[in-house]
Amino acid sequence: MGINILGMGSYVPEQKLKNDDFIRFVETNDEWIRTRTGIVERPMAGWEPTWYMGCQAAKKAISAAGIDPADIGLVISCCATADFHTPSMASIIQNDVGAANAGAFDLNAACTGFVYALDTARRFLETDDEMKYTLIVANESLSKFLDFTDRGSCILFGDGAAAAIVEKSDKLFSSALRSDGSGAGLLCARALNTAEEIRTEAPADFKDSFPELRLHKLFQNGKEVYKFATQALPKSFELAAEKKGITKDDIDWFIPHQANIRIIETAAKKLGVSMDRFIVTLDHYGNTSSASIPLALNEGIEKGLIKRGQKLALIGFGAGLTYGGIILEY
Ligand code: UT7
């Protein structure tokens with residue numbers, strides 16, 4: 001069984017930061033950022049909570065799909081930058097959009113979140129006869145995590161949300177999800193520490209290989225993540241493709257995670273696919289983590305590039321380190 005993407009919607013914050021705006025925080029320049037990453041500007045939430053962006057995108061997706069929110073059986077929010085440890089973003093969105101009959105949970109697979117969520121949604125739809133629609137919302141505010149003194153990371157990210165209503169269908173679908181947790185410390189942000197009042201000595205053999213970090217601030221080993229990414233993107237496609245005997249020539253559009261134009265170009269070269277068949281939005285959105293693939297997908301649809309019946313390859317990688325691919329017919 002496959003899925004049909006019935007409708008999509010997106011929301012990006014009003015505030016846009018251009019490369020030169022970062023001169024206020026770190027020693028950098030437009031030329032370096034453009035040539036090393038391909039990013040020109042990125043939206044950054046000034047006042048918007050992440051859940052608000054998710055709700056706006058979700059309402060647009062519901063409207064584009066033309067469905068009654070009461071018929072949504074499940075809300076999945078993929079989010080690595082939730083406003084709250086609890087409740088889930090999904091529950092807040094479920095209430096706001098009026099999905100009165102839905103279950104709701106968050107899924108954190110970092111930048112690969114939308115790929116994981118689509119695959120998860122398909123499995124729920126397949127095994128629950130009564131479930132008509134699943135709402136997937138990818139919403140992220142990387143800006144709230146950023147260390148604005150680290151020029152190697154703060155210039156890379158942006159904020160935004162994109163959502164999709166999906167339903168059962170017999171269209172082509174293939175997926176492959178992977179994780180390599182040996183790289184967990186290469187891209188991370190610490191959330192909680194033991195309270196000082198009840199802290200005890202760790203046993204001598206306890207190993208914590210994560211870097212000492214300021215709570216809630218993003219750490220990235222850019223070079224190592226770059227190496228991983230250039231392997232993970234083509235592999236994500238190949239793993240999903242070989243399950244169904246699909247080749248690169250069957251694919252109309254590749255929609256990769258938007259982190260760095262050099263990563264996408266290297267992946268395209270490894271796959272032997274022209275960049276003309278890649279949707280690229282990172283110049284104006286930066287890296288919006290799990291929102292980057294659905295933002296690019298929605299933009300491709302809205303621009304009329306992606307058409308019904310075409311075959312798409314959604315390929316992602318991110319913290320975890322996670323990676324994965326989905327091939328589907330739009
Ligand atoms: O979804 C999350 C996934 N994350 C990623 O995909 C990130 C993957 N990594 C990358 O995209 C790249 O590694 C970066 C864009 C983060 C860095 O690019 P790079 O080509 O690997 O640069 P580098 O780290 O080797 O740095 C080269 C030089 C250094 O200066 P020195 O040591 O040669 O004097 C850096 O300090 O560039 C310097 N540099 C900067 N200069 C101006 C680093 N950041 C900046 C900056 N502006 N913003």
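The model is a predicted one.

The shell around it holds 23 residues, and the closest are Thr28, Arg36, Lys223, Asn260 and Asn287. Helix H5 gives the largest share of this shell, four residues, while H1 and H6 also supply at least two each. Sorted by class, the shell has ten nonpolar, eight polar and five charged residues.

In threonine 28, a side-chain N or O atom is 2.7 Å from a nitrogen atom of the ligand. Of the 950 Å² that the ligand exposes when taken alone, the protein buries 74%.

The ligand sits in the second largest pocket, whose volume is about 590 Å³. This pocket is lined by 28 residues, with Gly152, Leu156, Gln220, Gly222 and Asn260 closest to its centre. H5 (222-243) is among the elements that supply at least two lining residues, as are H1 (30-37), H6 (261-271) and strand S12 (311-318).

The largest pocket has about 770 Å³ of space. Its lining counts 33 residues; Ala80, Thr81, Asn108, Phe145 and Ala189 lie nearest the centre. Strands S5 (103-107) and S9 (187-188) are the elements giving two or more residues to that lining. By class, the lining of the largest pocket has 21 nonpolar, eight polar and four charged residues.

Methods: Residues numbered from 1 in each chain as written. Predicted model: local features only at pLDDT ≥ 70, side-chain atom pairs only at ≥ 80, totals over all residues. Heavy atoms only, no water. 1 Å grid on protein atoms, 1.4 Å probe; cavity = no way out; pocket = protein on both sides within 12 Å on 5 of 7 lines; lining within 4 Å. Points joined across faces, edges and corners; volume = space filled by probe spheres on them. Nonpolar A, V, L, I, M, F, W, Y, C, P; charged D, E, K, R; others polar. Near = heavy atom within 4 Å. Polar contact = N/O pair within 3.5 Å; in protein donor to acceptor, adjacent residues only side chain to side chain. Areas by Shrake-Rupley, 256 points an atom, 1.4 Å probe, with all protein chains shown as cover. Sits in = over half its atoms within 2 Å of the grid points.
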